[in-house]
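Subject: Structure for your review

Dear colleague,

Please find below the structure that I am handing over to you.

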Amino acid sequence: MFGKILKQQITLISYRNSVILFSIIAIIVGVSPFQDLEILKSSEDLSTLLSKIFNSFILCFGLIFISLIVSLNTNGYRSNDLLLTKTRIGITTSIIIRITLIQLIVWVPWAIASLATITLTGFGFFIIFTKFQILILYLYAFFVIILLSLIELNILMITNSKILALIIAMAINFFEYYLLKVNIDSLLYYFTTPKSLLGILIRFMIILVLIILLIFSLNKTILKKDF
Amino acid sequence: MINYLKFRIIKRSIIISLAIGSLLSAIQILQSLIPIIKYGNIFLESPYIKWLSIDPFNFVPIVFFMLIPLMASIPSANILKEDLDSGLLLHLKNKVNLNKIVLGYGLTAFSGGFLTIFITLITNFLSYFLFLPNIKPDFLINENLLIIQENTLFVGLFYQHPFVHGILSILLTSIWGGIFAVMTCALSLWIKEKFLALLSSTVFQIIILLLNMFFKLPNLASYVPADFLRETSPSATDIKIVIGITILISVISILLLTIGRNKKIVW
């Protein structure tokens, strides 16, 4: 069943042309620190370098905002699938496969463009051979996006209103950004100003546990939902 | 036509967009009033330098001015798309002239966007007069806010008649809310997905925000609406660029609406 659903979701996504627009925006977000990095060429201070690569304002209003819109853009299932598969777990798996696929389309161009700008400005050797922990932060950003879009879909399944789901997920996003600005350790934006490797790993585990919990709650709401 | 459109607007969507705006402005009022309640009004603060559009020490204005296109287009911008999809427009076409129909939908979109932004901003501005004394802002006392010619339009008027300056700023912002709503209405004819059509002008503003980082104008004047619509913007502003962008965006949205009328409604 898993393979068939995967094939179905790939064909459904390939007919959506709007995904191309969002991947182009993700590339622009990835390229945006180019001018700041040109200035920073001489210094090798890691914290200022990180604050330029992961510019929290552009991530909040560019990348995460876009990914929240993308995950609500299309319906992940058809009501015929309920009758064909005769299980409701099929809908949950199709939603999760669709989210991971569609966020990969946004995340992969961003990560590649961001790494490409770093190598073009001359920091590539410095990051890949001496400070390779930075590559973990890119993965952290991907799981942040997945967490927010799962929250969004939970609310969508309960309230049946896309606008309400988008507003609540955006409110969580902006609240975390506010916490970052007043120097309180936030969960979602910790990767923009990391203090230690252990802190990153602990928060990574918390996010993974939250994702598993949200998948269970999504499954529960779909089992009791009146289609 | 007007009576029909009055019935057609969904009242719940107006409440949703007004709720977002009033919630944001209420958070801003609470955050800026708490230190004044604690320590008293030592620094002679007045409503003119504390309200939503001018407050530089707060996070809420950034979010509010980024979400203006979304708040403006929720009430009445996507009803043209919904009617076109359901086929109600073909029924209307038999009774009323098509030019009148498209003009009516455009005007409802504009007035919906105008009114929601106007109501939220003017309630925020006037409710500050309940808490703070009506003192004229002074260039020496309020030097820390840095209200100068580079980042404020008509700065002489601000120090002479601050109330008039505030009202003019609110009017400019609400006209931009209307333009964003018309733009959503025009772009929704060209976009297949209903949800993306509602958010099209918000995505458009994000694209402008990203482009502003690469292609900079002389004197680093910003052409992002979220920057120059604030009474004191975080970046440099220029009156020529503000007028130019306003005319350009409104002409583009009206052109898209008229071409969309010929290509998408009549075919």
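Predicted model: local features only at pLDDT ≥ 70, side-chain atom pairs only at ≥ 80, totals over all residues.

**Nonpolar cores**

The largest nonpolar core comprises 131 residues. Within this core, Phe54(A), Trp110(A), Tyr138(A) and Phe174(A) have the most contacts. Helix H9 of chain A, residues 134-159, gives the most to the core, namely 17 residues. Another core lies apart from this one and has 17 residues, including Leu98(B), Ile101(B), Tyr105(B) and Leu257(B).

Beyond its neighbours within four places in sequence, Trp110(A) is in contact with Ala26(A), Val29(A), Gly30(A), Phe54(A), Leu59(A), Leu63(A), Tyr138(A) and Ala141(A).

**Contact between the chains**

Chain A contributes 27 residues to the contact and chain B contributes 24 residues. Together, chain A and chain B bury about 2,400 Å², and 86% of this area is on carbon and sulfur atoms.

Between chain A and chain B there is 1 salt bridge. It joins the side chains of Arg16(A) and Glu193(B), at 3.2 Å from N to O. Polar contact across the interface is found for 3 residue pairs.

On the side of chain A that touches chain B, helices H2 (18-31), H5 (56-73) and H10 (162-181) of chain A each give two or more residues. The largest share, 9 residues, comes from H5(A). By class, this side of chain A has 19 nonpolar, 6 polar and 2 charged residues.

Yours sincerely

Conventions:
Residues numbered from 1 in each chain as written. Chains lettered and ligands numbered in written order. Heavy atoms only, no water. Core = buried A, V, L, I, M, F, W, Y, C linked by side-chain atoms within 4.5 Å. Buried < 20%, exposed > 50% of the residue type's maximum accessible area, 1.4 Å probe, protein only. Helix = DSSP H or I, 4+ residues; strand = E, 2+ residues; numbered from the N terminus. Contact = heavy atoms within 4.5 Å. Buried area = accessible area lost by both parts, 1.4 Å probe. Salt bridge = Lys/Arg side-chain N within 4 Å of Asp/Glu carboxyl O. Polar contact = N/O pair within 3.5 Å; in protein donor to acceptor, adjacent residues only side chain to side chain. Nonpolar A, V, L, I, M, F, W, Y, C, P; charged D, E, K, R; others polar.
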